[in-house]
Amino acid sequence: MPKLISDGMILQRDIKIKLWGRASPNEKVTVNFNGKQYQTTAGKDSKWLLQLPPQQAGGPYDITFNGNNSVTIKNVLFGDVWVCSGQSNMELTMERVKDKYPDVIENANNTNIRQFEVPDQYNFNHPNEDVAYGQWLPATKENILKFSAVAYFFARDIYNKYKVPVGIVNTALGGSPAEAWISEEGLKKFPAYYNEAQKFKDSSLIHKIEAHDRSVSSNWYNTLHQKDEGIKNNWQSPDMNDADWQTMNIPGYWADGPLGNVNGVVWFRKAEEVPAAFIGEPVRLIVGRIVDADSVFVNGQFAGTTSYQYPPRRYVIPAGVLKEGRNEIVVRVISNADKGGFVPDKTYALIAGKDTLDIDGTWKYKLGATMNALPSQTFIRWKPEGLYNAMIAPLTKYTIKGILWYQGESNAGHPADYEALMKTLIADWRTHWNKANIPFIYVQLPNFMEAKRTPAESNWAALRQAQLNTLAVPGTGMAVAIDLGEWNDIHPLDKQDAGKRLALQAAHLAYGEKHIVYSGPVLQSAKTEGNKLILSFTNMGSGLMAKGSDSLHYFSIAGKDKHFVWAKAIIQGDKVVVWNDLVTNPVYVRYAWADNPEGANLYNKEGLPASPFEASVK
């Protein structure tokens with residue numbers, strides 16, 4: 001049996017479903033299910049496939065497959081199955097957000113929500129018939145930390161509303177671009193991507209690149225460790241004399257201070273006075289986020305390490321390590337490229353129960369070793385076609401309700417390609433699932449990076465526009481997330497609202513609730529009246545509003561020269577009127593056009609944000 005067809009699986013309700021596997025050539029296969037038998041015969045290639053008639057939501061059932069041997073699949077439910085794909089913000093688990101949603105995790109106990117996690121693999125030579133491993137796990141306290149956070153919150157909302165089992169097929173990979181998820185046939189529309197995929201059919205090339213990258217990385221880190229004065233001289237020791245060390249305010253980046261933008265390793269020390277309340281029990285040490293890697297020591301004892309910049313640093317100091325009074329916290333930070341340091345606007349603290357002791361502020365630092373930047377490596381797993389073959393193709397016989405997609409960050413460098421890529425990907429997947437109308441619902445990129453105070457070009461805004469344009473494909477929905485991001489983190493923690501907005505889109509698109517408010521305002525048209533632009537919207541719900549303010553923010557306009565300037569914007573009934581007295585003949589209008597359009601506040605009265613956009617008056 002394929003790995004998907006296994007104990008605890010959720011099968012799609014209310015539609016014929018396929019069951020398949022392998023047997024001896026010409027072997028007869030009998031399926032016993034719910035008091036009935038279904039038969040087929042394996043072909044000469046050993047493959048067999050049969051269909052079960054539509055079943056109502058429910059279970060659990062056992063399904064027995066008889067041939068020369070017998071296999072019984074237990075605890076099978078019928079409900080709705082959603083394939084959840086994309087990059088790291090879909091992959092990001094409940095473990096990552098456990099501090100934000102402790103009650104959700106503590107109370108997780110719904111065996112009607114189940115996840116199958118597809119292993120991260122690639123194949124450039126052919127579509128795989130099966131995944132390497134995997135199992136269906138219920139959303140219980142024991143398993144919940146392994147669930148995709150966005151997918152879980154989506155599934156929870158769907159289950160609470162419709163009371164049917166929900167199956168999540170979690171097939172996502174951090175950093176992956178859209179072209180990695182498109183089949184070879186689909187890539188033919190994009191010669192550059194198609195040709196790149198052909199190149200990586202040569203396994204010797206892959207081995208050569210990977211060996212080179214391993215060698216470069218290994219040599220870089222070995223040299224760094226050999227040069228590091230901190231390792232040579234035991235700078236993690238609490239007795240280390242740091243009288244000649246410089247000081248720096250944490251959080252922050254050392255490139256912004258006297259040290260300058262150097263790569264290598266920098267050691268940081270802080271003497272912290274710890275009260276009695278923190279003594280005798282394990283204490284959590286939260287060190288925000290660090291670029292790029294860190295090792296942490298408390299009173300000379302190793303507390304933890306993280307090897308790359310994105311995860312939050314959450315370490316546990318065992319009981320007995322801290323002492324009342326002065327304690328030494330030491331952080332060894334490796335920067336392998338760009339700016340190294342401590343990411344601002346994150347938590348830096350010791351936490352014992354309900355007691356918190358902030359550890360930000362003045363730290364001492366000293367350069368341990370300087371290195372040239374580590375050369376970038378070739379991420380083979382992100383190359384065109386590879387993820388489709390290994391992580392999508394094995395799923396396409398499995399009947400599903402719809403697809404959720406959270407991706408785009410890795411294509412933001414080339415936003416002009418993205419609309420065509422996504423329209424191709426959607427059509428490609430629908431073709432291979434042999435279902436032309438599979439609901440395809442995606443998250444628009446959230447706000448990210450530092451806010452700008454003047455109108456400017458933005459690749460992230462251009463990619464959001466490509467996502468907005470993709471709504472032209474029938475059967476698609478978009479969850480706007482322009483207010484759910486974090487300026488300093490490409491992995492925002494608010495996955496609950498992202499899941500909720502996906503569930504609203506699904507309620508409308510996949511569950512037939514045509515009259516609910518499922519989206520924020522979406523620009524419909526723009527026209528001129530004198531020197532003003534009059535904007536009309538769909539999805540206004542019970543009306544437009546400027547959230548948190550008496551006026552609208554983050555609109556800009558331009559004439560034919562496309563030189564954008566900030567504009568005034570007001571709500572007049574069901575329209576938005578935009579103008580700047582210095583622009584007498586406005587042609588272009590933008591809303592929330594920035595990496596991080598801080599202050600953008602056009603919503604409907606149901607509290608859903610408007611999609612960012614650019615439009616022109618023809």
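Student: Which residue is the bridge partner of V291 in β20?
Tutor: G341 is the bridge partner of V291 there. Bear in mind that this is a predicted model.

Student: How many bridges join β15 to β20, and which way do the strands run?
Tutor: Two bridges join them, and the strands run antiparallel. Strand β20 covers residues 341–342.

Student: What sheet do they belong to, and in what order are its strands?
Tutor: They belong to an open sheet of three strands, ordered β12-β20-β15, with antiparallel pairing. β12 (252–253) and β15 (290–291) stand at the edges with a single partner strand each, so one side of each has no neighbour in the sheet.

Student: Switching to α3. What caps its N-terminal end?
Tutor: S148 does, with a side-chain oxygen 3.2 Å from the backbone nitrogen of A151.

Student: And what happens just after α3?
Tutor: K163 takes a positive phi there, about 55 degrees.

Student: What span should α3 have, going by its residues?
Tutor: Helix α3 (residues 149–162) has 14 residues, so at 1.5 Å a residue it should span 20 Å. Its end C-alpha atoms are 20 Å apart, which agrees.

Student: Which of its residues are buried?
Tutor: In α3, the buried ones include A149, V150, A151, Y152, F153 and F154. A155, I158 and Y159 are buried too.

Student: New topic: at what angle do α9 and α10 pack?
Tutor: Helix α9 (residues 418–432) and helix α10 (residues 459–469) pack at about 35 degrees, with their axes 8 Å apart. The contact is made by Y418, E419 and K423 of α9 with L463, A466, Q467 and N469 of α10.

Student: Left-handed or right-handed crossing?
Tutor: α9 passes α10 in a right-handed crossing.

Technical notes. Residues are numbered from 1 along each chain as its sequence is written. This is a predicted model: local features need pLDDT of at least 70, side-chain atom pairs count only at pLDDT 80 or more; totals for chains, interfaces and linings use all residues. Side-chain values use heavy atoms; hydrogens and water are left out. Two strands pair if DSSP finds at least two bridges between them. Helices (H or I, at least four residues) and strands (E, at least two) are DSSP runs, numbered from the N terminus. The expected span of a helix is 1.5 Å times one less than its number of residues. Buried means under 20% relative accessible area, exposed over 50%, partly exposed in between (1.4 Å probe, protein chains only). A polar contact is a pair of N or O atoms within 3.5 Å; within protein, one must be able to donate a hydrogen and the other to accept it, and residues adjacent in sequence count only if both atoms are side-chain atoms. Axes are lines fitted to C-alpha atoms, for helices over the stretch in contact, and angles run from 0 to 180 degrees between N-to-C directions. A crossing is left-handed if the near helix is turned anticlockwise from the far one by less than a right angle, and right-handed if clockwise. Contact means heavy atoms within 4.5 Å.
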